Amino acid sequence: MDLELRHLKIVRAVADAGSLTRAATALGLAQPALSTQLKRIERALGGTLFVRGREGVRPTALGALVLERARVLLPAVCELQEEAQRFARQGAQGYRLGGTHGPLLGGLVDRLAREEPGVPVTTYTSWSEKEVAGSVADGRLDFALVGVCGESAPPEPGRLAWMEIARDPVHVMLADDHPLALAARDEVELAELAAEAWTDVPGDGCFGDCFAAACVRAGFAPACVYETDTASCVHLVQVGRAVGLCRATFPATPGVVTRPLAGTPLVWRHVLGWHPAARVAARAAGVLSHARAAHAEALARAGGGSAPRATPVRAAAPSPAA
């Protein structure tokens, strides 16, 4: 029998689990089937790989040698497979952009289409920054345009290169007849919103925890949080059912007024990510420049009044109400 990668995976699984029973469960095999497979592998390698005892199994000297090689070979083969798939999925031209919901993705598409007419641009959106980043890491997308809370690291930090596009102070969205919206003031204290219900969109970063911490520092805990899509968030604010958190790039919206939070208790960073080994990495500087220009344009369009406008900020799991 020739040794195969799946055999090395079995050896590694047995060593990691410490027992045939637990290894069989992890591999989705019946224990007798695993025992048979292990005997065949041992015959192919010329000796016993594990010693069985009351407390499970431990590798022999031969087993330790095989494990040492397996722990090098298996990640290398996995990396080779991912790189080959990424190479096969990439086109010679074109841009495959992924992002979370907001005006920057549309602005970036518009700028690329204007600068490079005829070059295809495709998009994919998700509420999950991790999903978008994972698609870039796996080669299904070329660039990720997402946001992160404060100084937290973007997803897939070990696989993707990230650059900051811009950072926005987090603002509050109010109904246009809300007392704080009618007041002649440039900003709102977070503590003034202690009695309000809140609304936000889902996310998988730390923003929810950071928001909850900011509220605690302001002397209260959010009593109610409606987690829903962007359109529903805006509607709940318009009808006075809740207030929302948003970025400075949110376009002017009827029935909604935005105000900065005093002291900037929360910050949202826009970031661009790509795989450094991908062919599109050579175009990352140009895409970053376009993304920064798209942010500046969105900010200019949103600032139609005396106070900046904003984009709904994404919550994290768990939500601030947790």
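**Helix packing, shape and burial**

Tutor: We can start with a pair of helices in this predicted model: H5 passes H10 in a right-handed crossing.

Student: How are H5 and H10 oriented to each other?

Tutor: Helix H5 covers residues 103-115 and helix H10 covers residues 284-302. Their axes are 8 Å apart and the packing angle is about 120°. Angles of 65 to 115 degrees count as roughly perpendicular and those over 145 as roughly antiparallel, so H5 and H10 are oblique.

Student: Which residues of H10 make the contact with H5, and how many of the contact residues are charged?

Tutor: On the H5 side the contact uses Pro103, Leu104, Gly107, Leu108, Arg111, Leu112, Arg114 and Glu115. On the H10 side it uses Val287, His290, Ala291, Ala293, Ala294, His295, Glu297 and Ala298. By class, the contact of H5 with H10 has nine nonpolar residues and three polar ones, and the charged residues number four.

Student: How are H2 and H3 oriented to each other?

Tutor: Helix H2 spans residues 20-27 and helix H3 spans residues 31-45. Their axes are 9 Å apart, at an angle of about 100°. The band for this class is 65 to 115 degrees, so H2 and H3 are roughly perpendicular.

Student: What does the contact of H2 with H3 consist of by class?

Tutor: H2 contributes Leu20, Thr21, Ala23, Ala24 and Leu27. H3 contributes Gln31, Leu34, Ser35 and Leu38. By class, the contact of H2 with H3 has six nonpolar, three polar and no charged residues.

Student: At what angle do the axes of H1 and H2 cross?

Tutor: Helix H1 runs over residues 5-17, and its axis comes within 8 Å of that of H2. H1 passes H2 in a right-handed crossing. The axes of H1 and H2 cross at roughly 125°, which makes H1 oblique to H2.

Student: Which residues in H2 does H1 meet, and how many charged residues has the contact?

Tutor: From H1 come Ile10, Ala13, Val14 and Ala17. In H2 they meet Leu20, Arg22, Ala23 and Leu27. By class, the contact of H1 with H2 has seven nonpolar residues and no polar ones, and the number of charged residues is one.

Student: Is the protein spread out or a compact globule?

Tutor: The protein has 10 helices and 13 strands. Its radius of gyration is 26 Å, well over the 20 Å that the globule rule gives for 322 residues. The protein is therefore more spread out than a compact globule, and along the principal axes its C-alpha trace spans about 85 × 50 × 25 Å.

Student: What share of contacts with a separation of 6 or more comes from residues 24 or more positions apart?

Tutor: Of the 322 residues, 47% count as buried. For contacts in the protein with a separation of 6 or more, the share from residues 24 or more positions apart is 76%.

Student: How many of the nine residues of H6 are buried?

Tutor: Helix H6 covers residues 129-137 and is largely enclosed by the rest of the structure. Its buried residues are Glu129, Val132, Ala133, Gly134, Ser135, Val136 and Ala137. Just after H6, Gly139 takes a positive phi of about 90°. Of the nine residues of H6, the number buried is seven.

Student: Is Ser128 buried or exposed?

Tutor: Ser128 is found in the loop between strand E4 (121-125) and H6. Its relative accessible area is 7%. Buried means under 20%, so Ser128 is buried.

Student: Which residues does Pro276 touch, leaving aside those up to four places away in sequence?

Tutor: Pro276 sits in the loop between strand E12 (267-274) and H10. Arg159 is 117 residues from Pro276 in sequence, with the C-alpha atoms 8.0 Å apart. The residues touched by Pro276 are Arg159, Leu160, Ala161 and Ala281.

Student: What is the relative accessibility of Thr264?

Tutor: Thr264 has its place in the loop between strand E11 (256-260) and E12. Its phi is near 50°, a positive value in a residue other than glycine. Thr264 counts as partly exposed, at a relative accessibility of 39%.

Technical notes: Residues are numbered from 1 along each chain as its sequence is written. This is a predicted model: local features need pLDDT of at least 70, side-chain atom pairs count only at pLDDT 80 or more; totals for chains, interfaces and linings use all residues. Side-chain values use heavy atoms; hydrogens and water are left out. Axes are lines fitted to C-alpha atoms, for helices over the stretch in contact, and angles run from 0 to 180 degrees between N-to-C directions. Helices (H or I, at least four residues) and strands (E, at least two) are DSSP runs, numbered from the N terminus. Angles under 35 degrees count as roughly parallel, over 145 as roughly antiparallel, 65 to 115 as roughly perpendicular and the rest as oblique. A crossing is left-handed if the near helix is turned anticlockwise from the far one by less than a right angle, and right-handed if clockwise. Contact means heavy atoms within 4.5 Å. Ala, Val, Leu, Ile, Met, Phe, Trp, Tyr, Cys and Pro count as nonpolar, Asp, Glu, Lys and Arg as charged, and the others, Gly among them, as polar. The radius of gyration is taken over C-alpha atoms; the globule rule is 2.2 Å times the number of residues to the power 0.38. Buried means under 20% relative accessible area, exposed over 50%, partly exposed in between (1.4 Å probe, protein chains only).
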